[in-house]
Amino acid sequence: MSAEGRVIFVDDEEEVRRANGQSLDLAGFAVETHADAESALRAILADPPGVVVTDVRLPGIDGLGLFAAIQEADPELPVILITGHGDITMAVRAMRAGAYDFLAKPYPAETLVASVRRALERRALVLENRSLRARLDAAVAEDPAFLGVSPAITRLRLFVREVAQADVDVLVLGETGSGKEVVASALHRWGRRAKGNFVAMNCGALPDTVVESELFGHEAGAFTGALKKRVGRIAHADGGTLFLDEIESMALTIQVKLLRVLQERVVEPLGTNAVQPVDMRVVAATKIDLGQAAAQGTFRDDLYYRLNVVSVEIPPLRDRREDVALLFEHFLRKAAARFNREPPPVTPAIREHLSRHSWPGNVRELGHFAERCALGLSPTGPAPAEPARASTLAEQMDRHERGLIRDELIVAGGDVRVAAEALGTPRKTLYDKIARHGLDPNDYR
């Protein structure tokens, strides 16, 4: 068993150490026993285990002192305290300070085994999250624009770097939310035009009457409402990069004028016959097949061929599954920082959703999911709609009770003891209600 799966058991009574060690060994754990806190602490610091189980009353440094030393070394290492009945109040305070669990003497072997197993599961999750954060830090340091380790994103990163140096117009292909503007921005930053302006325009977000003025600019009095001269996006991108997103939405009449700009590298603002030379790279992005659109007559074929000098295709998120967890951690950090919160733990329910969901909205959808998690909202979206028929009083009370218990489990971090105390309910009663409502405290840890 790996180091993080080891159990260190501390008790000064030899019979207790031997009996509990055997119970844990028979349950399949790698157990190491110690008679005092000092020797246990040396072993813990030299080779951190997965969980520490310690009696509160020990010679020399007691169990609470050992717990405090462990907290200082690694606050996320689970510590289970063994207490006599007179120490339960003290143990509850220790749990509020970060102890994982406490067992009141005498306790059956299966209770110890169950608590250790849950603690090891949490420890595995903590270590997995740490590994993910370390990978994320390394990836951000290497290249914050293209986070990921999949072959697909690696190929994309290398290709974009190569194309950026060529200073050619580029057509970016990708589904909704796949990161087309990220690619366009990278082409700008990594090319020789990095010191110029990066000018972005979503062709589908503006009406046709506005797109023409936005692109080409206008002179004062060029049309009703044109009170002063306006520099268009094309002129503003001179010396830099013009990014045209959703170019398939551009009207055919404007496509004709854009084609001339691309061919002649001059722009003619509305209301004047004077032309202005422009030196820029054009990056156009689309979520459809422009070749098919040109064949159907909804997009000019000459403009398509002029734009399609080099094409970059962004893989959808479902084709780079190994990058989902890394990207989620990145977005979760950003969202938590924006909301001035600590990033919440990644629960098993969140991990399951990350691995099973197909992410049709790609990276954008994943970012929104991370924001919901950072805010503590239901990670998989709103609850299903209630039936249209009127609910009975009992059904309404059940739903209300389930919501109260769920909310308290969220606040308590999945700790049933804390939730029961807050709700003023006996712990056994709360466990029964949790089972009846189909809730799992581990989902909120």
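This is a chat about a predicted model of one protein chain.

Colleague: How confident is the predictor, as pLDDT over the protein chain?

Modeller: The average pLDDT is 85. A score of at least 70 is reached by 89% of the residues.

Colleague: And where is the pLDDT below 50?

Modeller: Over residues 381-390. That stretch makes 3 contacts in the model beyond near neighbours in sequence.

Colleague: Fold next. How many helices and strands does the protein chain have?

Modeller: There are 18 helices and 12 strands. The chain has 445 residues, and 43% of them count as buried.

Colleague: What share of the contacts comes from residues 24 or more positions apart?

Modeller: It is 69%, counted among contacts with a separation of 6 or more.

Colleague: What does the accessible surface come to?

Modeller: About 22,300 Å² for the protein chain. Carbon and sulfur atoms hold 53% of that surface.

Colleague: Changing topic. How many cavities of 30 Å³ or more are there?

Modeller: The structure has 1. For the largest cavity, the volume is about 40 Å³.

Colleague: Which residues line the largest cavity?

Modeller: The lining is made of Ala164, Asp167, Leu187, His188, Gly191, Arg192, Arg193, Thr241 and Arg281.

Colleague: How does that lining divide into nonpolar, polar and charged?

Modeller: The largest cavity has 2 nonpolar, 3 polar and 4 charged residues in its lining.

Colleague: Let's look at helix H8. Which of its residues are buried?

Modeller: H8 covers residues 208-216. Its buried residues are Val211, Ser213, Glu214, Leu215 and Phe216.

Colleague: Which residue follows H8?

Modeller: Glycine 217. Its phi is positive, near 80°.

Colleague: One more spot. Where is histidine 437 found?

Modeller: In the segment after helix H18, which spans 427-436.

Colleague: Why does histidine 437 count as buried?

Modeller: Because its relative accessibility is 11%, and buried means under 20%.

Colleague: What does histidine 437 touch?

Modeller: Leaving out residues up to four places away in sequence, histidine 437 touches Asp398, Glu401, Arg402 and Ile405.

How values were computed:
Residues are numbered from 1 along each chain as its sequence is written. This is a predicted model: local features need pLDDT of at least 70, side-chain atom pairs count only at pLDDT 80 or more; totals for chains, interfaces and linings use all residues. Side-chain values use heavy atoms; hydrogens and water are left out. On a 1 Å grid over the protein atoms alone, a cavity is a set of points where a 1.4 Å probe fits but cannot get out, and a pocket is an open set with protein on both sides within 12 Å along at least five of seven lines; lining residues have an atom within 4 Å of a point. Grid points are joined across faces, edges and corners, and a volume is the space filled by probe spheres set on the points. Ala, Val, Leu, Ile, Met, Phe, Trp, Tyr, Cys and Pro count as nonpolar, Asp, Glu, Lys and Arg as charged, and the others, Gly among them, as polar. Buried means under 20% relative accessible area, exposed over 50%, partly exposed in between (1.4 Å probe, protein chains only). Helices (H or I, at least four residues) and strands (E, at least two) are DSSP runs, numbered from the N terminus. pLDDT is the predictor's confidence in each residue, from 0 to 100. Contact means heavy atoms within 4.5 Å. Accessible areas come from the Shrake-Rupley method with a 1.4 Å probe; for residues, only the protein chains shown count as cover.
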